Amino acid sequence: MRMSKLFSRTLREAPNGADSKGYEYLLRAGFIRQLGAGVFNLLPLGFRAVTKIETIIREEMDRIGGQEILMPLVNPADVWKETGRYYSIDREMSRFKDRVGRDMVLAMTHEEVVTDLARTEIDSYKRMPLLVYQIQTKWRDDPRPRAGLIRVREFTMKDSYSFDVDEAGLDEQYRAHYTAYFRIFGRTGLPVIVVGADSGMMGGKVSHEYMYLSPIGEDTIITCPACHYTANRQVASFKKSYHKAEMKEMEKVFTPETKTIDELVDYLKIDKKQTAKSVFMVGTFIDDTNGEEQSKLIVGVVRGDLEVEENKLQNAARANALRPAHPEEIAAMGMVAGYGSAIGAKEGILVIVDDSVAESNNLVAGANEWEHHYLNTNFGRDYQGTVADIASAQAGFACPVCSAPLSASKGIEVGNIFQLGTRYSEAMDCYYQDIDSTRKPVIMGSYGIGVGRLLASLAEEYCDDLGLALPITVAPMQVHLVSLVKESETVDQLYEELTAAGIDVLYDDRKESAGVKFADADLIGLPIRITVGNRSLKEGKVEVKVRSNLDETLSFDLSTVVSETQALIGRLVAEIEARIEEREWDGSL
RNA sequence: CGGGGCGUAGCCUAGUGGCUAUGGCGCCUGCUUUGGGAGCAGGAUAUCGAAGGUUCGAGUCCUUUCGCCCCGACCA
């Protein structure tokens, strides 16, 4: 590609709103342009980078037996009604009617459509295992797109779906993806860790997320530096200590101006561990069969030294959605915000108690009376409810496996794998006939990678003060050929030779000053830069720099540039491939 | 959906009721220059996001609305 013909231009200044380095450079270097909130154009450079990522994904999916298909973005709502997700997913899924009034949706994932396909294609155990995948546009009307390509509404996703006769088969395909994903991220050069995850709206049980650790990430990942425990905070557990004692008589005391736990322990001169904290939420419960909604007040109780993890609470309550309760809603149920507890909870209120509270005795809790608390409350004796782990894991807490202090970091989810089981096959009547003639639901898995998010993560990881420095496996071109000579014939010829040898070249043939060309080359950051200038040309040489190490200058002989460049490309690719983690799932979450 | 911020040319930006809306980059023409965002001369490009209002006069004040960004709720 000749730079004089390149569609995009570089920008000297970052457009407003580009608040991370990776995003700023993707804009400035001309990889992407924004059209609207969470909606982006891919320009030639960005599109080429994405294409390279997709090629890697295709190769690795094909390696584990995947067959590429393409499912439609626009779906009739019927299949989504069959699984109930038409009702249970909020406005994140866009709906519309076609010209004759049929309900339609823009697909945000494809479990429904692929299950519909499978129920007609798969009728016998002999047809499985099967694996299909697609690389396709998804639309999710996210309420809060942000950070460039990190969190968008329209995006490209690789999603694959596995079909098996039994759990063992699913396990095998899950393992294959587990390993393939490490290979995919490894080949792109993105460092990732795998964490145990919540299965969220997808249903199913076993699930992992692939996280690129970055301060601009939105997920909090809990890791144990001592053993290998890692999990998304949404599901991370930790070892709790309990406050066991002989149960004492409950006693109501006057506690003025003690709406918070801090004020309470200050006033009573006790430890936070001796208190029980109640969090009031309103849960929405949606009937999957008809979409009828029901709201319920949920009281989550954790010990005062802990925080409620809302995701855990939502799962424990089996609610579709959760939001903080308004003071009026709390009052309507006869409870007092700031001085509330599960004691005296009315019928219809869902009480979920963390085991830290259930296993501790004589905790101070709200009396549901203005400026009053109870001393010595005990779960089971003074109030009832469901016991679950709903506490949020924090840095410093004890690892659930080895008790070492946990640490917390921020991460971007670039991939996920789910064992769906029979959630969709049962709901959509996707059954096969087994060897013993019985009808059984197909066992499914689903596996995703956000392609654009992967590029954005790579841009964050591979940049410096001058611009991008993407790995050679994903950079839009391999070589940036910079011409600093007036007589262009020699360079034109070199460009032709490199291209003819199958090398991707961006040829800066513009009539710009050397400074402009170098600055643009730094910004776009192609991995290999070949500079042709009078300085070295008179000795029959060209200068070569690797973008990731601009301090070092190599010199290639003009007659052997092509072969030397090919060797350098091979070396850079090998460097990345040497870092690929060949990892297998050990069966843990 | 709640809270905050911002919309002036392709990008960045000045402007605090008063003359023909500022400057830089970029763009066009000519000359010059070619190893780190060069120089000179000339030029084009803005219905100041939109609508309504206040005023003798509005980019500036008020109302409404649209868009974008940030924080929160949310999120595979």
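Reply:

Arginine 183 and glutamate 60 form a salt bridge in which the closest N and O atoms are 2.9 Å apart. Because arginine 183 lies in helix H6 and glutamate 60 in helix H2, this pair ties together parts that are 123 residues apart in sequence. The term salt bridge is used here for a side-chain nitrogen of Lys or Arg within 4 Å of a carboxyl oxygen of Asp or Glu. Helices are DSSP runs (H or I, at least four residues) and strands likewise (E, at least two), numbered from the N terminus.

This is a predicted model, in which local features need pLDDT of at least 70 and side-chain atom pairs count only at pLDDT 80 or more, while totals for chains, interfaces and linings use all residues. Residues are numbered from 1 along each chain as its sequence is written, chains are lettered from A and ligands numbered from 1 in the order in which they are written, and side-chain values use heavy atoms, with hydrogens and water left out.

As to burial, arginine 183 has 13% relative accessibility and therefore counts as buried. Glutamate 60, at 1% relative accessibility, counts as buried too. Buried means under 20% relative accessible area, exposed means over 50%, and partly exposed lies in between (1.4 Å probe, protein chains only).

A further salt bridge brings together the side chains of glutamate 59 and arginine 187, at 2.6 Å from N to O. Its partners also come from distant parts of the chain: glutamate 59 belongs to helix H2 (residues 44-63) and arginine 187 to helix H6 (residues 167-188), 128 residues apart. Glutamate 59 counts as partly exposed because its relative accessibility is 37%, whereas arginine 187, at 14%, counts as buried.

Another pair consists of glutamate 82 and arginine 119, whose side chains meet in a salt bridge of 2.8 Å, N to O.

Salt bridges that share partners join Glu59, Glu60, Arg63, Arg183, Arg187 and Glu582 into one network. In the whole structure, a search finds 40 salt bridges. As a general principle, side chains of opposite charge can pair when their charged atoms come close.
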